[in-house]
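Here is a brief report on a two-chain model.

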Amino acid sequence: MANIISDETIEYVGILAKLELSDEEKEQAKKDMGSMLDYIDKLGELDTTGVEPMSHVFPVKNVFREDVVTNGDDRENILSNAPGEKDGMFVVPRTFE
Amino acid sequence: MDILSMTAVSLGTAIKNKEVTVREAVEAVLSRIEEKESQYHCYVTVDKEGALSQADEVQRKIDAGELTGPLAGVPVAIKDNMCTEGLLTTCSSKILNNFVPTFSSEAVLNLKKAGAVILGKTNMDEFAMGSTTETSAYGVTKNPWNTEHVPGGSSGGSAAAVAADECFYALGSDTGGSIRQPASFCGVVGLKPTYGTVSRYGLIAYGSSLDQIGPLCKDVTDCAAIMEIIASHDPKDSTSVERKDLDFTSALVDDVKGMKIGIPRDYFGEGLDPEVKEAVLKAAEVLKEKGAVVEEFDLSLVEYAIPTYYTIAAAEASSNLERFDGIKYGYRTEEYEGLHNMYKKSRSEGFGAEVKRRIMLGSFVLSSGYYDAYYLKALRVKALIKKAFDDAFAKYDVILGPVAPTTAPKLGESLSDPIKMYLGDIYTISINLAGLPGLSIPCGVDSKGLPIGLQLIGDCFNEKKLIQTAYTYEQARGAFGRKEDK
């Protein structure tokens, strides 16, 4: 395997991805990511000098609209999906001391 | 009259002619679901009460002359990654185990406007990431042709429900083959439209630049009729394309004289099952006899599509799935210390292994120091792949090939080796990268008794050429028995 994923890399990616992996999952993730990157490295065989990265297949442009409210008040239904709700607000863990 | 064996269009006609009531159709399919679900498990949620009350409402509107469309009153199943107001929408993930949307996706609204009766939500690979429907948090779906085999994925529940007569048609979504491959494995028709044709508003995003909603159905006539209903320009989806050529049923013409069909040699190389190859080439022969000009050509770059796709799709997924944080909806972990720990624990407990694998890969290829080497490189190769298709469509109206290298694998055989599983997407994936339409239609059965799919690929906005070619083939092929497991 050409791509060796270090413990530091997996820790770092875990922070970016907001995922907390068990030791076992970390070992598996190192293996999986290494073999995927080996596979993706195949793209290096192609010379892409001067080729513009294509994010969209059609020419896309910004779509604008007037800033007008079209939906009604749906607070009750929206809050009924929340894991924590109090006085019409989402309950979250304390973030400031 | 056997209601269940009717196509969606023939049922719609029978309802219009008052030979069948909407309630009769809904009751017939609900009792079928009750009888077969323990065996196949096509659905995450069946909305029995909702379907019956919709039936009466739709019947009233048909009788009042308010609903006159071809599919008014016909029951439909919706893949569980499309939001349905008031109806549980899980994406087959634990992280959305209690999510009841407050709005419906545009494609579902279009169906409702046309008088569709929504039966429920079909099972899928978690967040549409998989090719077998085995990554669902709510159990596996089994292939109605043989319950030891997978139905394909990620729209496996939708394809199996159509094959098992547990609905008259279904909606799926296709990011790298997720409509066409399960359609192929379950012996039904599936279409992935040109990117931007069906609104993605309310479709829970996986890879936004690749995702498209499309139909899974019993024949090509149904496919065209469904497309006329779900395709629309939607200002709520900034990538929605305004098209003037949405009269898909006008292409239901039994004629391919002079149609130029290209067969990419690179789709028939190593890894392709000989029985699949034979059936697909036989279908090409049928079209040739009907007057099409069929020739082989070299498409090129085929082996680069999979690494390009997994880089782009994982990158987009890692960004799209950031929203699942346990705050406003969905699963929240029981015990945590502070906000960040709550995010991490909720996500780690809520997502399955394949989803985490792709989020991790996506976060990596987008991270500082690797963005150019991986993500931008993939976007450059995508441009080359698009160019290869542009060159092909300068010569051909339609590209013909297999949907997948094999027929449906056995349950439990695919997930242990991700790269091997990803290789199964080799013929479907480049179509999403290039934004093209692709149609899957049954063209035979292998020696194991499993269906084989033929794939027709068109240039952007050329669905009608695909529908015409598929319809002509279907007329010559004759009825395709959707034989279920005994």
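Chain A has 3 helices and 2 strands. Helices (H or I, at least four residues) and strands (E, at least two) are DSSP runs, numbered from the N terminus. The order in chain A, from the N terminus on, is α-α-α-β-β. Its radius of gyration is 23 Å, well over the 13 Å that the globule rule gives for 97 residues, so chain A is more spread out than a compact globule. That radius is taken over C-alpha atoms, and the rule is 2.2 Å times the number of residues to the power 0.38.

The model is predicted: local features need pLDDT of at least 70, side-chain atom pairs count only at pLDDT 80 or more, and totals for chains, interfaces and linings use all residues. Residues are numbered from 1 along each chain as its sequence is written, while chains are lettered from A and ligands numbered from 1 in the order in which they are written.

Along the principal axes, the C-alpha atoms of chain A fill a box of roughly 55 × 45 × 25 Å. Buried residues make up 16% of chain A. Buried means that 20 or more other C-beta atoms, placed from the backbone, lie within 10 Å of the residue's own.

Contacts link 53 residues of chain B to 39 residues of chain A. Two residues are in contact if their C-beta atoms, placed from the backbone, lie within 7 Å. On the chain B side, α12(B) gives the most, with 11 residues.

| Class, side of chain B that touches chain A | Count |
|---|---|
| nonpolar | 28 residues |
| polar | 14 residues |

Ala, Val, Leu, Ile, Met, Phe, Trp, Tyr, Cys and Pro count as nonpolar, Asp, Glu, Lys and Arg as charged, and the others, Gly among them, as polar.

Of the 16 residues in α9(B), 14 are buried.

Terms used: A residue is buried if 20 or more other C-beta atoms lie within 10 Å of its own, exposed if 12 or fewer, and partly exposed in between; C-beta atoms are placed from the backbone.
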